[in-house]
Amino acid sequence: MKRRLLFFCMSVVACLATGNVFPQNQNITEVALDSLQIKDRNLIPILDSIITAEKCKDYYFPGMRFYINISNNAYQISGYGRTVVSNDLLGVFSHNDYTFIVAGDMLNPNVFGVSAQKQKIDFWKKPSYIDEKTGKIVLVSFIDDRFSFWIYHYTGVKFINTYSFDTQNKIEYINPKR
(Lines give C-alpha, C1' and ligand atoms only; values in the text may rest on other atoms or scores of the structure.)
Protein backbone atom coordinates (compact mmCIF):
# COMPACT_ATOMS: atom_id res chain seq x y z
CA MET A 1 0.00 0.00 0.00
CA LYS A 2 2.80 2.40 0.88
CA ARG A 3 4.47 1.67 -2.48
CA ARG A 4 1.27 2.46 -4.36
CA LEU A 5 0.87 5.72 -2.48
CA LEU A 6 4.51 6.62 -3.11
CA PHE A 7 4.15 5.74 -6.81
CA PHE A 8 0.97 7.84 -7.05
CA CYS A 9 2.63 10.84 -5.39
CA MET A 10 5.66 10.56 -7.66
CA SER A 11 3.38 10.38 -10.72
CA VAL A 12 1.54 13.54 -9.69
CA VAL A 13 4.83 15.39 -9.15
CA ALA A 14 6.11 14.21 -12.55
CA CYS A 15 2.93 15.41 -14.27
CA LEU A 16 3.13 18.79 -12.59
CA ALA A 17 6.78 19.16 -13.56
CA THR A 18 6.09 18.39 -17.23
CA GLY A 19 2.92 20.46 -17.44
CA ASN A 20 0.82 17.48 -18.58
CA VAL A 21 -1.82 18.08 -15.93
CA PHE A 22 -2.98 21.25 -17.68
CA PRO A 23 -3.31 20.41 -21.38
CA GLN A 24 -4.87 23.79 -22.17
CA ASN A 25 -1.41 25.36 -21.70
CA GLN A 26 -0.56 24.11 -25.20
CA ASN A 27 -3.25 26.50 -26.39
CA ILE A 28 -1.55 29.58 -24.90
CA THR A 29 0.62 31.81 -27.03
CA GLU A 30 2.64 34.92 -26.31
CA VAL A 31 2.17 37.87 -28.62
CA ALA A 32 4.53 40.84 -28.70
CA LEU A 33 2.39 43.99 -28.80
CA ASP A 34 3.45 47.58 -29.30
CA SER A 35 3.97 49.38 -26.03
CA LEU A 36 1.66 52.40 -25.84
CA GLN A 37 1.71 55.64 -23.86
CA ILE A 38 -1.33 57.69 -22.94
CA LYS A 39 -1.09 61.07 -24.68
CA ASP A 40 -4.50 62.47 -23.78
CA ARG A 41 -4.29 62.82 -20.00
CA ASN A 42 -8.13 63.05 -19.77
CA LEU A 43 -8.14 59.26 -20.08
CA ILE A 44 -6.29 58.77 -16.76
CA PRO A 45 -9.12 59.70 -14.33
CA ILE A 46 -11.46 57.52 -16.40
CA LEU A 47 -9.15 54.52 -16.02
CA ASP A 48 -8.72 55.25 -12.30
CA SER A 49 -12.48 55.32 -11.73
CA ILE A 50 -12.95 52.06 -13.66
CA ILE A 51 -10.22 50.33 -11.64
CA THR A 52 -11.81 51.59 -8.41
CA ALA A 53 -15.25 50.39 -9.50
CA GLU A 54 -13.96 46.95 -10.51
CA LYS A 55 -12.12 46.46 -7.21
CA CYS A 56 -15.51 46.44 -5.44
CA LYS A 57 -16.91 43.60 -7.56
CA ASP A 58 -16.94 40.01 -6.39
CA TYR A 59 -15.36 38.86 -9.68
CA TYR A 60 -12.34 41.14 -9.16
CA PHE A 61 -8.96 39.50 -8.75
CA PRO A 62 -5.53 41.11 -8.25
CA GLY A 63 -3.72 41.46 -11.55
CA MET A 64 -6.97 41.56 -13.51
CA ARG A 65 -6.39 42.86 -17.00
CA PHE A 66 -8.44 45.44 -18.83
CA TYR A 67 -9.42 45.57 -22.46
CA ILE A 68 -10.07 48.69 -24.54
CA ASN A 69 -11.82 48.15 -27.84
CA ILE A 70 -11.84 51.14 -30.20
CA SER A 71 -14.49 51.49 -32.89
CA ASN A 72 -15.43 54.79 -34.61
CA ASN A 73 -13.97 56.91 -31.78
CA ALA A 74 -15.92 54.88 -29.20
CA TYR A 75 -13.75 53.34 -26.48
CA GLN A 76 -15.31 50.34 -24.73
CA ILE A 77 -13.36 49.57 -21.55
CA SER A 78 -13.86 46.41 -19.53
CA GLY A 79 -12.03 43.97 -17.33
CA TYR A 80 -11.28 40.47 -18.56
CA GLY A 81 -9.33 37.33 -17.81
CA ARG A 82 -7.66 36.02 -20.94
CA THR A 83 -8.96 36.27 -24.48
CA VAL A 84 -8.28 34.68 -27.83
CA VAL A 85 -5.56 36.28 -29.91
CA SER A 86 -7.03 38.35 -32.74
CA ASN A 87 -5.89 40.38 -35.72
CA ASP A 88 -7.15 43.69 -34.33
CA LEU A 89 -4.70 43.99 -31.41
CA LEU A 90 -3.16 47.47 -31.45
CA GLY A 91 -0.97 47.59 -28.35
CA VAL A 92 -0.68 47.44 -24.60
CA PHE A 93 0.09 49.80 -21.73
CA SER A 94 0.26 49.71 -17.95
CA HIS A 95 -1.49 52.08 -15.60
CA ASN A 96 -1.33 51.82 -11.80
CA ASP A 97 0.07 48.28 -12.08
CA TYR A 98 -2.78 47.11 -14.34
CA THR A 99 -2.38 45.94 -17.92
CA PHE A 100 -4.63 47.45 -20.58
CA ILE A 101 -4.78 45.74 -23.95
CA VAL A 102 -5.99 47.93 -26.80
CA ALA A 103 -7.70 46.51 -29.88
CA GLY A 104 -9.99 47.75 -32.61
CA ASP A 105 -10.01 49.89 -35.71
CA MET A 106 -6.99 52.12 -35.23
CA LEU A 107 -5.17 54.20 -32.64
CA ASN A 108 -5.94 57.88 -32.45
CA PRO A 109 -2.52 59.60 -32.24
CA ASN A 110 -4.03 62.24 -29.92
CA VAL A 111 -4.97 59.53 -27.40
CA PHE A 112 -2.10 57.01 -27.63
CA GLY A 113 1.52 57.18 -28.65
CA VAL A 114 3.39 54.10 -29.83
CA SER A 115 6.92 53.40 -28.61
CA ALA A 116 9.55 51.27 -30.31
CA GLN A 117 9.32 48.75 -27.45
CA LYS A 118 7.23 45.58 -27.41
CA GLN A 119 5.53 43.83 -24.51
CA LYS A 120 4.65 40.13 -24.48
CA ILE A 121 1.10 39.19 -23.50
CA ASP A 122 -0.35 35.68 -23.31
CA PHE A 123 -3.53 34.81 -25.19
CA TRP A 124 -5.49 31.70 -26.05
CA LYS A 125 -4.58 30.62 -29.58
CA LYS A 126 -8.14 29.60 -30.39
CA PRO A 127 -11.47 29.07 -28.60
CA SER A 128 -11.20 25.28 -28.84
CA TYR A 129 -8.68 22.66 -29.86
CA ILE A 130 -8.23 18.91 -29.94
CA ASP A 131 -6.02 17.45 -27.22
CA GLU A 132 -3.45 15.39 -29.15
CA LYS A 133 -3.10 12.80 -26.37
CA THR A 134 -6.77 12.07 -25.76
CA GLY A 135 -8.33 13.15 -29.06
CA LYS A 136 -10.98 15.06 -27.10
CA ILE A 137 -12.13 18.58 -27.91
CA VAL A 138 -11.15 21.10 -25.24
CA LEU A 139 -13.30 24.22 -25.05
CA VAL A 140 -11.59 27.35 -23.77
CA SER A 141 -14.00 29.41 -21.73
CA PHE A 142 -12.57 32.77 -22.74
CA ILE A 143 -15.84 34.63 -23.02
CA ASP A 144 -16.48 35.87 -19.52
CA ASP A 145 -19.38 38.28 -19.33
CA ARG A 146 -19.14 38.93 -15.60
CA PHE A 147 -17.18 42.11 -16.14
CA SER A 148 -18.82 45.53 -16.25
CA PHE A 149 -18.07 47.81 -19.16
CA TRP A 150 -18.03 51.49 -20.03
CA ILE A 151 -18.26 53.16 -23.43
CA TYR A 152 -16.74 56.59 -23.95
CA HIS A 153 -16.95 58.61 -27.15
CA TYR A 154 -13.84 60.62 -27.95
CA THR A 155 -14.65 64.02 -29.46
CA GLY A 156 -11.06 64.94 -30.19
CA VAL A 157 -11.01 67.13 -27.10
CA LYS A 158 -12.65 65.07 -24.36
CA PHE A 159 -14.16 61.69 -23.51
CA ILE A 160 -17.93 61.52 -22.97
CA ASN A 161 -19.43 58.53 -21.14
CA THR A 162 -22.24 57.41 -23.44
CA TYR A 163 -23.07 54.04 -21.91
CA SER A 164 -22.07 51.75 -19.06
CA PHE A 165 -23.34 48.56 -17.57
CA ASP A 166 -22.61 47.19 -14.10
CA THR A 167 -23.00 43.43 -14.54
CA GLN A 168 -22.90 42.62 -10.84
CA ASN A 169 -25.65 45.03 -9.77
CA LYS A 170 -27.47 45.02 -13.14
CA ILE A 171 -27.33 48.82 -13.39
CA GLU A 172 -27.36 50.41 -16.83
CA TYR A 173 -26.40 54.00 -17.58
CA ILE A 174 -27.33 55.67 -20.87
CA ASN A 175 -26.21 59.25 -21.40
CA PRO A 176 -29.10 61.11 -23.05
CA LYS A 177 -26.70 63.81 -24.33
CA ARG A 178 -24.70 61.50 -26.53
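I looked up the bridge partner of Phe66 in S5 and found Phe100. The model is predicted: local features need pLDDT of at least 70, side-chain atom pairs pLDDT 80 or more, while totals for chains, interfaces and linings use all residues. Residues are numbered from 1 along each chain as its sequence is written, and side-chain values use heavy atoms, with hydrogens and water left out.

**Strands.** I took strands as DSSP E runs of at least two residues, numbered from the N terminus. I counted strands as paired if DSSP finds at least two bridges between them. S2 and S5 run parallel, joined by five bridges. S2 also pairs with S3 (residues 74-80), antiparallel, over seven bridges. There, Asn69 has Gln76 as its bridge partner in S3. Two residues lie between the strands of this hairpin, and Asn72 takes a positive phi near 50 degrees.

**Rings.** I paired rings of Phe, Tyr and Trp (its six-membered ring) with centres within 6.5 Å; planes under 30 degrees apart are stacked, over 60 edge-to-face, the rest tilted. I got nine aromatic pairs by this rule. Phe66 and Phe100 are stacked, because their ring centres are 5.0 Å apart and their planes at 20 degrees. Phe66 sits in S2 (residues 65-71) and Phe100 in S5 (residues 98-104), so the pair ties together parts 34 residues apart in sequence. Phe93 and Phe100 are stacked too, at 5.0 Å centre to centre and 5 degrees between the planes. Ring pairs link Phe66, Phe93, Tyr98, Phe100 and Phe112 into a cluster.

**Burial.** I called a residue buried under 20% relative accessible area, exposed over 50%, partly exposed in between (1.4 Å probe, protein chains only). Phe66 is buried at 0%. Phe100 is buried at 0%. Phe93 is buried, as is Phe100. In S2, five of its seven residues are buried.

Technical notes
Helices (H or I, at least four residues) and strands (E, at least two) are DSSP runs, numbered from the N terminus.
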